[in-house]
Amino acid sequence: MTSPAGSPAGAGRRVIITGASTGIGAATVRRAVGAGWKVLATARRAERLAALAEETGCDWVAADLTTDEGPGQVVAKARELGGFTSLVNVCGVRSAPIRWRRDVRRIGVTCMRRT
């Protein structure tokens with residue numbers, strides 16, 4: 001996570017990270033927070049997100065992005081926090097049906113358009 005010379009790595013940068021409760025998503029949250037980014041972590045498991053927030057200081061919202069309501073919950077929280085400049089979509093889609101994979105891409109676009 002880099003930025004122009006002379007400015008802190010995350011200065012003024014805000015990112016939504018999906019799939020943030022475990023694995024690559026949680027590691028991405030840790031890295032972004034460590035670089036000075038303001039992070040909104042999202043995943044389905046509230047208890048894991050709360051633990052990650054306690055560890056890192058990130059903001060979080062539990063939401064299932066495969067439902068009709070999920071993206072709206074993330075957008076509402078993002079707006080409450082002042083909007084975001086970036087999205088890292090870390091969702092497990094390897095064995096998901098093709099239709100769901102398309103939905104994951106749509107979710108990312110929807111979140112970015114609404115914030």
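Ile 16 stands opposite Leu 40 in strand E2. Strands here are DSSP runs of E with at least two residues, while helices are runs of H or I with at least four, and both are numbered from the N terminus. This is a predicted model, in which local features need pLDDT of at least 70 and side-chain atom pairs count only at pLDDT 80 or more, while totals for chains, interfaces and linings use all residues. Residues are numbered from 1 along each chain as its sequence is written, and side-chain values use heavy atoms, leaving out hydrogens and water.

Let's follow the pairing. Strand E1 (residues 14–18) runs parallel to strand E2 (residues 38–43), with five bridges joining them; two strands pair if DSSP finds at least two bridges between them. Val 15 has Val 39 in E2 as its bridge partner. To get from E1 to E2, the chain passes through helix H1 (residues 23–34) in a right-handed β-α-β crossover. Right-handed means that, with the strands pointing away from the viewer, the path from the first strand over the helix to the second runs clockwise.

On to the next step: E2 and E3 are also parallel, paired over four bridges, and Ala 43 has Ala 62 in E3 as its bridge partner. E2, H2 and E3 form a right-handed β-α-β unit.

Now for the whole sheet. Its four strands are arranged E3-E2-E1-E4, in an open sheet with parallel pairing. E3 (59–62) and E4 (86–89) are the edge strands, each pairing on one side only.
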